[in-house]
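Hi everyone, thanks for coming.

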Amino acid sequence: MEYFKFIKLFITLFMLGVATAASTIRNPVIWADVPDPDIIRVDDTYYMVSTTMYFTPGAPIMKSKDLVSWEIVTYTYDILASGDVQTLSRGQHDYSHGSWAASLRYHKGTFYVFFGSYGTNKSYIFKTKNIESGKWDRTEIGGMYHDASLLFDDDGRNYLVYGGGGEIKIKEFNSEMTDFKWGGVDKTLFKTNLSGLAGEGSHIQKINGYYYVFIIAWPSGKGRIEICYRSKDLTGYYENKTVLESGLGSYGSGVAQGGIVDTPDGKWYGLLFQDHGAVGRIPVLVPVNWQNGWPMMGVNGKAPLTFQIDGGFQGSRLAKSDDFDYSSNKLDLVWQWNHNPDNTAWSVTERSGWLRLKNKIIASDILKARNTLTMRTEGPACSSVVKLDVTNLKVGDYAGLSAFQYNYGNVGVYVADNGEKRIFMSNNGGMGDNKDIKDSRNNIVQETKLNGNEIYLKLDFRFSNVESDGSASWNIDKVNFYYSYDGSQWTKIGKEIGMTYDLKLFTGYRSGLFSYPTKNTGGYADFDFIKYEREKWNQGNIAYESSTPSNNNNNNNNNNNNNSSSHQNQDQNQNQNASSGEIKDGNYYIKSVSSNKYLVVKDGIGANAQNVEIGSTKQKWKISNNSDGTVYIISELGDYALDVDRGLGDNGANIQIYPLHGGEAQKFIIRETYPSGVYVIDTQASNGSKALDIEGERTADGTNVCQWTDGGKDNQSWTFISADATTPSTNGQSSSNSSSSCWSKALGYPCCSTCTTVIDSDSDGDWGIENGNWCGLSKDCGKSNASCSAQGYPCCEQSCYVVTIDSDGKWSVENGDWCLIDESKC
């Protein structure tokens, strides 16, 4: 009891802000393809732009408050150009081209983005006053200026620093920033005189009177390095120093290319990237220490595997699940199209809650097909699941889910010449040393007849393992392909693909939703949802967004920013001790946070292997705690326990009831999350790595429950509502003991000096906190009878902990449901 009291005190003090703890962050800070990052700070907010090449919309702007937790807030452009290369027309393409290495700057109230494109042989200046939601004004300049960086100098003159091959140049803009200045500065700043990749990726910054130019180089016989050139005269002599020569732990690929930024409290960091196999080029955050005016990067010259930040963090959200429940044809910002989309050939409104891809342009394989919708993958491993309706495909149509790169792998359905619908797995049969995109060919590895018109498809990506020291293992880079008729029982199809990062595309692997015709136009495919899961990595330990009670208890509208999960991104890098003991033995209704439905046995029938789902009608479950920290969860329908089918540890293993036998398949770990009173139910069959999961994040009665990688998401979150009868006291005080004596002294804790907020309750009594320590509340401390409510929710009886605030007041959670805080007692 002493141990658990200590752990709970620590967690509670952190949550209440009584003590501020640091969080340990792992590098790479983002394990996803975010190459060529350029970062700035405006007041207390950081912004970053990155390269997405041929994907549209393009040049994403990401936002962070802590340099660790990043989200996409907008794109610089929707369409860069509309030629044959951007529209995959007449055998042309823009792979490995598009927008390259953008520069982001803020100057006198205006944000600027500059980049060049080899696909158009032009460069572009974009301007806006409002970087998060404003309109971007655009100017085109003839010529491709490679890996360029903007400089707004103190004297009002503006410059572009750019170049490659070890020669870095400078060119002066006009004052309006619409073109280069006639007769302005136009010269070479310096040459590196290195062999190999001699120097590119310029980032210029003026700091304390020095002009600093950061570049990446890969000298012959060495790894990638970050070099800094500096001068007090912009066009004068530049001296240089290697400021970082480091891999990341045992993963030796050099960390380089990027700039530096300072924090509001005067610390400095560099945001660089590391080539990391098939997942792509991934950002690494390194501390900067100034030594004799040189910005030396890393810790003892090495990029650190871990570092600490003050307080909690949210984690980045660059890929996520989507149920396609939109009110207009405007997708979540995590999505990008392969090349320009045909906006007449897709919809999320024609069939409510489904993405429709229409087959309007004939193509021979996915690399030549329009309207493939893509999302990043993430390391160390991740998976994507979609539900596909192929009722309206025509002969020669292909639709499904792609592990998208040059060395692609697809799983899906095609319609054969005889009209039969076939499940297939395919790869690129046109690859080779002397091959090009035009030679790519859809090669079917395995196929089987489809029964019906709906099918679930899954990709399982494994990029690396994490070594004991926190380093990434060398590239595993494997992807496997599956199909299912119920979303629970999966059949592997085809072969495992060894993924390769190919410069023909120059981007990391993505999950791609596709539908294209090879013979006739007019067909279409419907996608019900994509369910995305990733292995634990920097996923945060505080809420990403506020989850506000709504007038409709089942409101999960993705377009309402106030209805996102308040506990979606728990810290999954840290060991989380099983806390099943927090749910005492007894009978409970188990209620889903995402759907407000209950965990129930199908049709209310107690039978061997009877399915478990969600429903509107309550069913009781008996919790029985075990000495090993697990619980049995026993149905009211007889001596049947909640059970993982066959004790499997795989994603998608079904949840059912089965006669109680006490095996691992029937043991569960109930883990409290944030906010207090919300729990994840992990399965012992998976060694605690997977949780009870509502399939597809759906909310309808009868939706199946399976196990899936524990991501702390809403559809894995549950509340426990006591179903045991209680006898309330007539005066609002505890009826179990009217003594006002300081009962906690016998347990080694003082009594509370006042009737402070109840922080925890157990069999001994109610506990509060004073002066950072636990104290026992007198039995005479009654509960407030104040009346307050809003939107149909009750007043909180005990809690004063604020989860979120809206126009109705301050909200908390008690007994698994929202309550309005009674400020008269808090």
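Four strands make up an open sheet, ordered S2-S3-S5-S6, and their pairing is antiparallel; strands here are DSSP runs of E with at least two residues, helices are runs of H or I with at least four, and both are numbered from the N terminus. Two strands count as paired if DSSP finds at least two bridges between them. Which strands stand at the edges? They are strand S2 (38-42) and strand S6 (71-77); each has a single partner strand, so one side of each is left without a neighbour in the sheet. From one strand to the next, the twist averages 25°, where axes are lines fitted to C-alpha atoms, for helices over the stretch in contact, and angles run from 0 to 180 degrees between N-to-C directions. Inside the sheet, strand S3 (residues 45-49) pairs with S5 in the antiparallel sense over four bridges. Valine 49, for instance, has isoleucine 61 in S5 as its bridge partner.

Before I go on, a word about what we are looking at. This is a predicted model, in which local features need pLDDT of at least 70, side-chain atom pairs count only at pLDDT 80 or more, and totals for chains, interfaces and linings use all residues. Residues are numbered from 1 along each chain as its sequence is written, and side-chain values use heavy atoms, with hydrogens and water left out.

How confident is the predictor, then? The pLDDT, its confidence in each residue from 0 to 100, averages 86 over the chain, and 83% of the residues score at least 70. Over residues 726-740, though, the pLDDT is below 50, and that stretch has 15 contacts in the model beyond near neighbours in sequence; a contact means heavy atoms within 4.5 Å. Residues 782-787 also stay under 50, and there the model has ten contacts beyond four places in sequence.

Now the overall picture. The chain's secondary structure comes to one helix and 56 strands. Of its 826 residues, 58% count as buried; buried means under 20% relative accessible area, exposed means over 50%, and partly exposed is in between, using a 1.4 Å probe and protein chains only. Taking contacts between residues at least 6 apart in sequence, 60% join residues at least 24 apart.

Here is a second sheet to look for. It is open, has four strands in the order S19-S20-S21-S22, and its pairing is antiparallel. Strand S19 (255-262) and strand S22 (294-297) are at the edges, each with a single partner strand, so one side of each has no neighbour in the sheet. Ignoring direction, neighbouring strands of this sheet are turned by 35° against each other on average. Strand S21 (residues 281-291) runs antiparallel to S22, and four bridges join them. Valine 288 has methionine 297 in S22 as its bridge partner.

Let's turn to some backbone details. Most residues other than glycine have a negative phi, and most peptide bonds are trans. Where are the cis bonds I'd like to show you? One runs from threonine 56 to proline 57, with omega near -5°, and proline 57 is in the loop between strand S4 (55-56) and strand S5 (58-64). Another joins glycine 379 and proline 380, with omega about 0°; proline 380 is in the loop between strand S27 (373-376) and strand S28 (381-389).

As for positive phi, phenylalanine 324 has a value near 55°, and arginine 646 has one near 60°. Are these residues buried or exposed? Phenylalanine 324 is buried, with a relative accessible area of 0%, while arginine 646 is exposed, at 59%.

My last stop is asparagine 340, in the loop between S24 and strand S25 (346-347). Asparagine 340 is buried, with a relative accessible area of 5%. A polar atom of its side chain lies 2.7 Å from the backbone oxygen of alanine 81. Leaving aside neighbours within four places in sequence, the contacts of asparagine 340 include Thr56, Gln86 and Arg370.

And how many disulfides are there? A search of the whole structure finds zero, a disulfide being a pair of cysteine sulfur atoms within 2.5 Å. Cysteine 228 is buried at 0% relative accessible area, and cysteine 382 counts as buried at 5%.

Methods
pLDDT = per-residue confidence, 0-100. Polar contact = N/O pair within 3.5 Å; in protein donor to acceptor, adjacent residues only side chain to side chain.
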